[in-house]
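I opened this notebook to record what I looked up in one structure. The entries below follow the order in which I went through my list.

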Amino acid sequence: MANTTELKLGQKLNEGKTKQIFELVDEPGYVLVQSKDQITAGNAVRKDQMEGKAAIANKTTSCVFKLLQDAGFKTAFVRQHSETAFVASRCEMIPIEWVCRRIATGSFLKRNPGVKEGYRFTPLKMEMFFKDDANNDPQWSEEQLLAAGFELAGLTIGRCEVDIMSKSTVAIFEVLEKAWATQDCTLVDMKIEFGVNVTTKEIVLADVIDNDSWRLWPAGDRSQQKDKQVYRDLKEVTPEAMQMVKRNFEWVAERVKLLLESQAKGRVVVLMGSTSDVAHCEKIRKACGSYGIPCHLRVTSAHKGPDETLRIKAEYEGDGIPTIFVAVAGRSNGLGPVMSGNTAYPVINCPPITPDWGAQDIWSSLRMPSGLGCSTVLSPEAAAQFAAQILGLNDHLVWLKLRASMLNTWISLKQADKKLQECSL
């Protein structure tokens, strides 16, 4: 890993309780985020040095942001630079902490007497807090945020921007919740912050996400909590207690690396009846690639060579890798029905529709004999998405990409509507 001395640092732009932000002289528009060996609680009413915390926090943040970026979320994170620092796009920070909760605990119970600890929020409970240490970060309503009219990096924070941050907070929580579930760990709640990228003028996830940012309960058991709450709960800060806190932080930093690994890698096998369908099949393969799913293309005809079709089927059934077959056959589709009748794996019909006989040919994919369960999806991209949704049930990395894609589609529509309204005015 590179050393921070290799970067030419400019002025210190900001310093918080646990990190420093420096401009990069040779990389305009970027900053260095340097973590500190300090742990705090209660707006720094309790404050201690914890040797090694900077490296632990930086490792955690870098892994989390890489996971989110690989999924398709827009973040300020660029690259990890050293054990204790990372490079990020320079942002003007929106002074709001967005808190998302799955389980009621902590300050929520104090502000909402009568709610029992452990109450599960479905849908997620979201709150926002204005960053103001002097007033203990008061809770804000959406109306207060809109009324504030923040203008950052030339962008006014209005309805569109608030809605984007709100939707993004929920999506980010859901993907991290899904990822931590692979380690049998419950993501209880989490806080994040957004900034406006000074170069692109876009709202992006910024700041850090480390073990100060969430509550994590292994096996859903609060008594096993591994987050900063352990430090908050200390009756007395002793060297032994601080070692226990550090071990918890190290446990999270090691586990978070595992979130980047697939737990059940699957694949899609596209069977085409003729090489004339290659272009159609390549669209399926390209779309599968966007979800990180390997896609194999094979040529076989259930009409002209049923024995070979079944041999290819057995080849992919024999290695235990979760597989989805996509049958691409025009005219009379025999591939889909034959495959569906001879495998327990999912089969998707995706026939290439021609302008002449397409309306008639489609019935060979839609009208199946009894006992066959293959579906029909006409769009190659949609067929790949359907396959991804099936594989995503057991592969969190695929599910994360699907969830981020949903969010990005929603954001595009929201921004298009805003632009249209501005033009109309």
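I began with a definition: a residue is buried under 20% relative accessible area, exposed over 50%, and partly exposed in between, using a 1.4 Å probe and protein chains only. The model is predicted, so I noted that local features need pLDDT of at least 70, that side-chain atom pairs count only at pLDDT 80 or more, and that totals for chains, interfaces and linings use all residues. Residues are numbered from 1 along each chain as its sequence is written, and side-chain values use heavy atoms, with hydrogens and water left out.

Entry on backbone angles. I looked up Ala219 and found a positive phi of about 60°, although this residue is not a glycine; Ala219 is partly exposed, with a relative accessible area of 48%. Asp207 also has a positive phi of about 60° without being a glycine, and Asp207 is partly exposed at 23% relative accessible area.

Entry on a peptide bond. I checked the bond from Thr122 to Pro123 and noted that this bond is cis, with omega near 10°.

Entry on a helix. Among the buried residues of α13 I listed His396, Leu400 and Ile411.

How values were computed: Helix = DSSP H or I, 4+ residues; strand = E, 2+ residues; numbered from the N terminus.
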